[in-house]
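Work through the exercises below with the sequence and the coordinates open. Each task is followed by a solution in steps.

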Amino acid sequence: MRDGRLYGADKGRRRAARRSLVAGIALLSVLFTAGAARPGDAHHAGRIEPSVTRESDWRDVATALGHQGVLVDRRAYGIGFPRADLDVVSKGHHVKAIGSFVSFIRYPDRQTMMMGELAVTEREVRKVLDVLNAHGIAQTSLHKHLPTHSPALWWVHFHAMGTKPLTLARGLRAALDATGTPAVSGTPRKVALDLDQPAVDQALGARGRAQGRVYKVTFARKETVADHGRVLPRMTGATSALIFQPVGRGKVLLNGDIAVVAKEAPATMKALRRGGVDIISFHSHMLTDEPRLFFLHLWAVGDPVRIAKNLRGAIRHTNAAATATVS
């Protein structure tokens with residue numbers, strides 16, 4: 001039989017060991033929780049922030065591509081390429097604002113990211129993919145944005161990194177040359193729109209702007225979004241873009257897309273369908289984005305204010321804010 005005093009001491013040591021183990025597990029839990037990345041954190045461990053640039057830094061890129069761009073927030077240089085050569089008809093409507101777009105972003109390690117999308121016809125798509133591959137430009141998504149339409153169009157999303165932005169631009173220029181994209185200004189000519197813009201703004205709770213023959217309202221994700229471990233400037237690759245095109249008799253054609261994370265998708269889709277908005281496509285645009293984003297491409301024809309109200313109900317299910325709000 002054990003001595004009672006020894007047994008009591010041994011029992012006390014075991015209790016103390018258990019308390020230390022529990023305390024250690026609790027401490028590890030706190031440390032792991034504190035160190036876990038959360039959407040919207042000000043600190044982006046391991047991610048590279050974009051550099052500030054000037055318009056003049058992108059002069060060679062603009063020359064190589066044959067189009068002038070716009071520098072947004074001094075961090076993202078964007079260029080549009082309208083497909084003014086195409087007359088796209090979808091469900092009896094001539095769809096305007098068809099085009100391609102690219103953004104260039106510079107980082108402190110001298111790397112430049114090039115990302116965007118190309119609007120290409122069915123006949124052009126294979127050659128464009130081959131040219132992109134030949135120039136080391138990755139394709140990150142391939143899909144359609146519109147319901148039944150002619151000519152058949154595909155959107156090719158692309159991504160590339162390099163220390164020589166001019167080389168990236170020349171590769172993209174080669175891909176554009178494989179299409180019928182004309183050498184016209186990327187800035188749409190302003191025209192009078194048959195649309196009550198203030199009423200649409202009020203219904204959406206956001207202020208849009210006219211772009212050529214359409215009216216566009218954008219919402220940006222509130223989280224910090226990264227791709228390939230690099231922070232994307234706000235409004236780059238992670239926006240919801242709602243495009244209203246007047247089609248006569250007080251009606252508009254709606255297209256565009258809404259950016260969602262996985263947990264937001266079901267409620268957003270239900271709200272869209274409840275409001276009579278068609279979902280044409282549901283897919284990702286990037287391969288390594290954080291948080292993982294999916295895009296719902298939309299279609300509707302009808303009263304602009306009613307459509308705007310329905311869209312506002314859907315947008316409320318997403319962690320996004322209007323880029324310009326209506327008070």
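## Exercise 1: Salt bridges

The side chains of R221 and E223 form a salt bridge with an N to O distance of 2.7 Å. The model is a predicted one: local features need pLDDT of at least 70, side-chain atom pairs count only at pLDDT 80 or more, and totals for chains, interfaces and linings use all residues. Residues are numbered from 1 along each chain as its sequence is written, and side-chain values use heavy atoms, with hydrogens and water left out.

Solution. 

1. The criterion for a salt bridge is a side-chain nitrogen of Lys or Arg within 4 Å of a carboxyl oxygen of Asp or Glu. By this rule the count is eleven.
2. Burial is read from relative accessible area: buried is under 20%, exposed is over 50%, and partly exposed is in between (1.4 Å probe, protein chains only).
3. E223 has a relative accessible area of 10% and is buried. R221 is buried as well, at 4%.
4. Salt bridges with shared partners join R83, D85 and E124 into one network.
5. Helices here are DSSP runs (H or I, at least four residues) and strands are DSSP runs (E, at least two), numbered from the N terminus.
6. R173 is buried, with a relative accessible area of 19%, whereas D177 is exposed, with 54%.
7. D57 is partly exposed at 26%, and R54 is exposed at 56%.

## Exercise 2: Nonpolar cores

Task: find which members of the largest nonpolar core touch the most other members, and which element supplies the largest share of this core.

Solution. 

1. A nonpolar core is a set of buried Ala, Val, Leu, Ile, Met, Phe, Trp, Tyr and Cys residues joined through side-chain atoms within 4.5 Å.
2. The largest core has 29 residues, and those touching the most other members are L204, F219, L242, F244, L254, L298 and L311.
3. Elements that each supply at least two residues include α5 (197–204), β11 (214–221), β14 (239–248) and α7 (304–315). The largest share, five residues, comes from α7.
4. Leaving out residues up to four places away in sequence, the contacts of L298 include L242, L254, I258, L272 and L311.
5. A second, separate core has 27 residues, among them W58, Y77, F81 and A160.

## Exercise 3: Aromatic rings

Task: how many aromatic pairs does a search of the whole structure find, and which residues do ring pairs link into a cluster?

Solution. 

1. Rings of Phe, Tyr and Trp (its six-membered ring) pair if their centres lie within 6.5 Å; planes under 30 degrees apart count as stacked, over 60 as edge-to-face and the rest as tilted.
2. The search finds three pairs.
3. W58 and F104 form a tilted pair, 6.0 Å centre to centre with 40° between the planes. W58 is in the loop between α1 (4–35) and α2 (59–65), F104 is in strand β5 (residues 99–106), and they are 46 residues apart. Both are buried.
4. F282 and F294 form a tilted pair, 6.0 Å centre to centre with 55° between the planes. F282 is partly exposed at 41%, and F294 is partly exposed at 24%.
5. The cluster linked by ring pairs consists of W58, Y77 and F104.
6. A charge sits over a ring if NZ of Lys or CZ of Arg is within 6 Å of the ring centre and within 35 degrees of the ring normal. The charged end of R106 sits over the ring of W58, 4.7 Å from its centre. R230 lies over the face of Y107, 5.1 Å from the ring centre.

Definitions and conventions: Contact = heavy atoms within 4.5 Å.
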